[in-house]
Amino acid sequence: MLSPVPGTAVPLQSVPDPVFAQGLVGPGAAVEPDDGDGAACAPIAGTVTTVRSHAFVIEADDGRAILVHLGIDTVGQQGAGFTPRVARGARVGAGDPVVGWVPADVRAAGYSAVVPVVALDAAGAVLADLVDVGRVTASDVLFHWTG
């Protein structure tokens with residue numbers, strides 16, 4: 001599973017939202033994104049099963065699904081500052097742009113811009129090679145889903 005954005009990888013437990021921090025939607029990692037215009041990209045190849053202004057889910061052909069959430073409580077922005085670039089049902093490759101956004105604008109609006117990347121409906125033990133510390137680009141591996 002690739003990082004959807006460039007920035008600094010952080011543990012999911014450090015995300016300022018208990019649903020993500022406690023792994024209630026699944027295990028994973030998070031990225032504190034760099035400022036600047038950009039796009040959140042697909043962490044895996046597959047089908048876009050959900051796309052909102054601030055979040056999306058990509059399901060791989062094997063049924064594994066990854067949630068990418070752009071910031072915390074950013075639903076409160078009501079879409080402002082986010083530009084979906086694909087529609088539900090679209091096929092994407094790993095690294096393809098899915099949602100355009102500006103993390104600095106999210107921060108300026110008073111929200112955390114941290115990006116949780118979560119393996120939906122998975123047990124934490126199935127993740128390997130978890131990167132949750134250090135610099136990442138939008139194509140670096142954050143973790144492998146092994147089980």
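Which residue of S6 stands opposite Val-57?

1. The model is predicted: local features require pLDDT of at least 70, side-chain atom pairs count only at pLDDT 80 or more, and totals for chains, interfaces and linings use all residues. Residues are numbered from 1 along each chain as its sequence is written, and side-chain values rest on heavy atoms, with hydrogens and water left out.

2. Val-57 stands opposite Leu-67 in S6. Strands are DSSP runs (E, at least two residues), numbered from the N terminus. Strand S5 (residues 55–59) pairs with S6 in the antiparallel sense over 5 bridges; pairing requires at least two DSSP bridges between two strands. The two strands form a hairpin with 5 residues between them, and in the turn Gly-63 has a positive phi of about 95 degrees.

3. S6 also pairs with strand S10 (residues 115–119), antiparallel over 3 bridges. Here the bridge partner of Leu-67 is Val-118.

4. Strand S6 (residues 65–69) is mostly covered, with 5 of its 5 residues buried (under 20% relative accessible area, 1.4 Å probe, protein chains only). Ala-65, Leu-67 and His-69 lie on one side and Ile-66 and Val-68 on the other, and both faces are covered.

5. S7 and strand S9 (residues 97–101) pair in the antiparallel sense over 3 bridges. Thr-83 stands opposite Gly-100 in S9.

Methods
Buried means under 20% relative accessible area, exposed over 50%, partly exposed in between (1.4 Å probe, protein chains only). Helices (H or I, at least four residues) and strands (E, at least two) are DSSP runs, numbered from the N terminus.
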